[in-house]
Amino acid sequence: MSSGKSSITIPFGLAVLIALLIAAAFLLNLRHCRTATDGAELAALKSLDQRRAHLLRKMEDKEERGFALIDTPKAFEANLFKIDQQHFLPAHLAGITNHDVPEETASLAFQKGVSLLPSTNAVPYFVTASRALADENADMYQKISAMLNLIEFEQDPRLAAQVLIFLELPTARLSEAQINFFRSMLQDSFPNLNEIESRQHELLELGEQLRKTVNIRKGAFRTRVDDLILSVRDDEYGLLYAPDFDLGETTAAPSGLSRELFQGAHITAPQEALDQEKLQITQQFHMANLILFSCALPAALLLCALAATLNRLRKLDAVRTEFIATVSHELRTPLSLIRLHAETLKHGRLPKDKIAGYHQIILTEAERLTGMVNNVLDFSRMERDQLQIHPEPTDLSNLVHQTADSFEDRLAHEGMVLERGIEDGIEAVVDPLAYSQIVFNLLDNAVKYSGGSKTVRIGLDVSDGGNTLSVADQGIGIPDKLKPRIFDDFVRSNDRNVSARRGSGIGLSVARKLTQMMNGTIQVADNEPDGSVFTVRIKS
Ligand code: ADP
C-alpha cells in the first residue's frame with residue numbers, strides 16, 4: 001500500500017507545483033505590469049522634464065538675445081532707457097520718441113521676408129524677434145540681409161547700430177566671412193561705424209550695471225547709476241536720464257518683449273501618449289493573465305481531480321486495511337472455538353451427554369468459517385473479474401433448508417427462533433454453492449443485526465415466473481438513506497449496533513454479484529413492525 005501512496009503523492013505534488021508556478025507567474029506578471037507602467041510614467045516625466053528644461057534654456061537664451069541695450073550715440077546722449085525686470089531698451093526704441101517707419105520701407109522689408117510693424121516700436125520687435133526666432137545660420141543671414149536692405153532705404157544710423165548689435169551679440173551664429181561681409185557693407189553706408197562700435201562697449205557696461213541695479217531692487221525706486229539717474233516705477237517701468245534732462249510727456253511701451261514671444265509656447269505634457277502607453281501595457285498584462293488563467297483552470301481541475309482521487313484512494317486504503325484486520329479477526333474466532341472444542345474432545349474427559357454438543361459447535365463454527373472464507377474468496381475473484389458460477393438444475397427447497405439447518409444451533413444459542421416458510425419441491429437452475437452462499441450471508445446478517453429473543457423468517461416460493469427467497473428479521477433495520485448503498489463494497493452503517501458487531505462489509509456485495517450472475521435481483525425493504533426483509537428473485 002505504501003508504494004501506492006507514493007505514486008499518488010508524486011502527481012499530487014506536481015499539480016501543487018504547477019499551481020504554485022502559475023500563482024508565481026501571476027504575481028510576476030502583475031509586478032512586471034506595475035514596473036512597466038511606472039517605467040512608462042517615469043520615462044514620460046523625464047521626457048517632460050527634458051522638454052521643460054529645453055524650453056527654459058531656449059527661453060533664457062532668447063531673453064538674453066532679446067535684450068536690446070544699445071542705442072545710437074545720439075540716443076545715448078539723450079541717456080534715456082526703458083527698463084523693466086528683464087529689459088533695457090533705448091528710449092526711442094521703446095516708443096518714448098516718435099519715429100514711424102515709413103510705409104514704403106515696411107512693405108519692402110515685408111516683401112523681403114521680414115515682418116515689420118509700421119512704427120518705431122517695430123524695430124526692437126523686429127530685432128528681438130529675428131534673434132529669438134532665427135535658429136539657423138541661413139535664417140539669420142536672411143534676416144540680417146533684410147535689415148541691411150532696410151538700412152539702404154531708411155538711411156538711418158540707428159538702424160545701422162541695431163545691425164551692429166545684431167552682428168556682435170550672436171557672433172557664434174555667423175561665420176567670420178559673413179560678419180566681415182556685413183561689416184564692409186555697413187562701413188560703406190556708415191563712415192562713423194568704428195565710433196559707433198566703440199560706444200557700444202560703454203553701453204554694454206552701462207546696461208549690465210543697470211540690470212544689476214534693477215534686479216536687486218524690488219518696487220519703485222530712484223537711484224544714481226554712474227552719473228545718471230535711474231528711476232523705476234511700481235510697474236517696473238523705468239527711465240534713465242541725465243539729471244538735467246527734461247522728461248516731458250512719455251508713453252509706456254509694452255514690456256517683456258522676448259518673454260511675450262514665448263507666451264504661446266506652452267509645455268504640453270504628453271499625458272495622452274502616456275495614457276495610451278499605459279493602456280497598451282495593461283492590455284498586454286490582461287492578455288498574459290488570460291493565457292495564464294487558461295492554463296490555471298485545467299491545472300486547477302487536474303489538481304481537484306487528483307485530490308479527489310487521492311482522497312478516494314486513501315479512504316479505500318483505510319477500508320482495505322480495516323477489512324484485512326476484520327477478516328483476520330473474524331476467521332480467528334471460529335478457528336479458536338473449533339480448536340478449543342476439538343482439544344477438549346481429544347482429551348476424552350468430557351461427560352458423554354456433552355460430546356454431541358461439542359461436535360455440533362465444531363460443525364457450526366466450521367460452517368461459519370467456510371461461509372466467511374467463501375465470501376473472501378468470492379470477493380477477491382470479483383475484484384479480479386474471475387468470479388465464475390456453474391449453474392445446474394438444483395432442488396432449491398432442499399438447498400435453502402440445508403443452509404437454514406446450519407444456523408439452527410447458532411440461533412438457538414442466541415435465543416432466537418428461525419421460522420421457515422419454504423415451499424417444497426422448488427427446482428431451479430442455479431449454482432448451488434453460490435445460492436447457499438447468498439442464503440448464508442442473508443441469514444448471517446439477520447442473526448448479527450437482530451439479537452435478543454427475536455424471530456428470523458426464511459421463505460421460498462414460486463412467483464412471477466421465478467422463485468423468491470426472503471429473509472426477514474426483527475432487528476435494527478436499515479436507514480432509508482443507506483439502503484441504496486448497502487450492496488456496495490465495504491459499506492457499513494454507522495449505527496453503534498452495527499459497529500459493535502464484527503463485519504467486513506462484503507457479504508451483501510458478494511450476494512448481489514452472485515445473484516446477478518444467476519440473472520436474479522436482490523432487494524431490501526423494511527420489515528413490519530421492525531427489522532429488514534431481503535428478497536432474492538431468480539427467474540426460472
Ligand atoms: P457486514 O455485515 O460484514 O458489515 P454486509 O455486506 O453483509 O457486511 O452488510 C453491510 C451492512 O448492511 C452491514 O454492516 C449493516 O450495516 C447492513 N445490514 C446488512 N444486513 C442487515 C440486517 N439484516 N439488518 C440491519 N442491517 C443490515
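Author: Helices here are DSSP runs of H or I with at least four residues, strands are E runs of at least two, and both are numbered from the N terminus. With that in hand, Glu365 is in helix H11, which covers residues 352-383.

Reader: Thanks! Is Glu365 buried or exposed?

Author: Glu365 counts as buried because its relative accessibility is 9%. Buried means under 20% relative accessible area, exposed means over 50%, and partly exposed is in between, with a 1.4 Å probe and only protein chains counted.

Reader: And which residues does Glu365 touch?

Author: Leaving out residues up to four places away in sequence, Glu365 touches Pro334, Leu337 and Ile338. Contact means heavy atoms within 4.5 Å.

Reader: Before we go on, what kind of model is this?

Author: This is a predicted model, where local features need pLDDT of at least 70 and side-chain atom pairs count only at pLDDT 80 or more, while totals for chains, interfaces and linings use all residues. Residues are numbered from 1 along each chain as its sequence is written, and side-chain values use heavy atoms, with hydrogens and water left out.

Reader: Got it. How many helices and strands does the protein chain have?

Author: The protein chain has 15 helices and 12 strands. Of its 540 residues, 42% are buried. Among contacts with a separation of 6 or more, 67% are between residues 24 or more positions apart.

Reader: I see a ligand in there. How many residues surround the ligand?

Author: The ligand is surrounded by 20 residues, and the closest are Asn445, Tyr449, Asp473, Arg492 and Leu508. A residue counts as near if one of its heavy atoms lies within 4 Å of the molecule.

Reader: What types of residue make up that shell?

Author: Nine are nonpolar, eight are polar and three are charged. In this scheme Ala, Val, Leu, Ile, Met, Phe, Trp, Tyr, Cys and Pro are nonpolar, Asp, Glu, Lys and Arg are charged, and the others, Gly among them, are polar.

Reader: Which atoms lie 2.8 Å from an oxygen atom of the ligand?

Author: One is a polar side-chain atom of Asn445, 2.8 Å from a ligand oxygen. A backbone N or O atom of Leu508 also lies 2.8 Å from a ligand oxygen, and for Gly507 a backbone N or O atom is 3.2 Å away from one. On its own the ligand has 520 Å² of accessible area, and the protein covers 97% of that. Such areas come from the Shrake-Rupley method with a 1.4 Å probe, and for residues only the protein chains shown count as cover.

Reader: Which helices and strands supply at least two residues of that shell?

Author: Helix H13 (432-448), helix H15 (507-517) and strand S12 (532-539) each do.

Reader: Let's look at H13. How many of its residues are buried?

Author: H13 is mostly covered, with 15 of its 17 residues buried.

Reader: How far apart are the end C-alpha atoms of H13?

Author: They are 24 Å apart, which agrees with the 24 Å that 17 residues should span at 1.5 Å a residue. The expected span is 1.5 Å times one less than the number of residues.

Reader: And H15, what does it pack against?

Author: The buried residues of H15 pack against H11, H13, strand S11 (520-526) and S12. Among those buried residues are Gly507, Leu508 and Leu514. After H15 comes Asn519, with a positive phi near 60°.

Reader: Where is Asn519, and is Asn519 buried or exposed?

Author: Asn519 sits in the loop between H15 and S11. With a relative accessible area of 63%, Asn519 is exposed.

Reader: New topic: what is Phe407 in contact with?

Author: Phe407 belongs to helix H12 (residues 396-414). Apart from neighbours within four places in sequence, Phe407 is in contact with Phe440, Leu443, Asp444 and Val447. Phe407 is buried, with a relative accessible area of 2%.

Reader: Last one: which residues does a cis peptide bond join?

Author: That bond joins Glu528 and Pro529, with omega at about -5°. Pro529 is in the loop between S11 and S12.

Technical notes. Polar contact = N/O pair within 3.5 Å; in protein donor to acceptor, adjacent residues only side chain to side chain.
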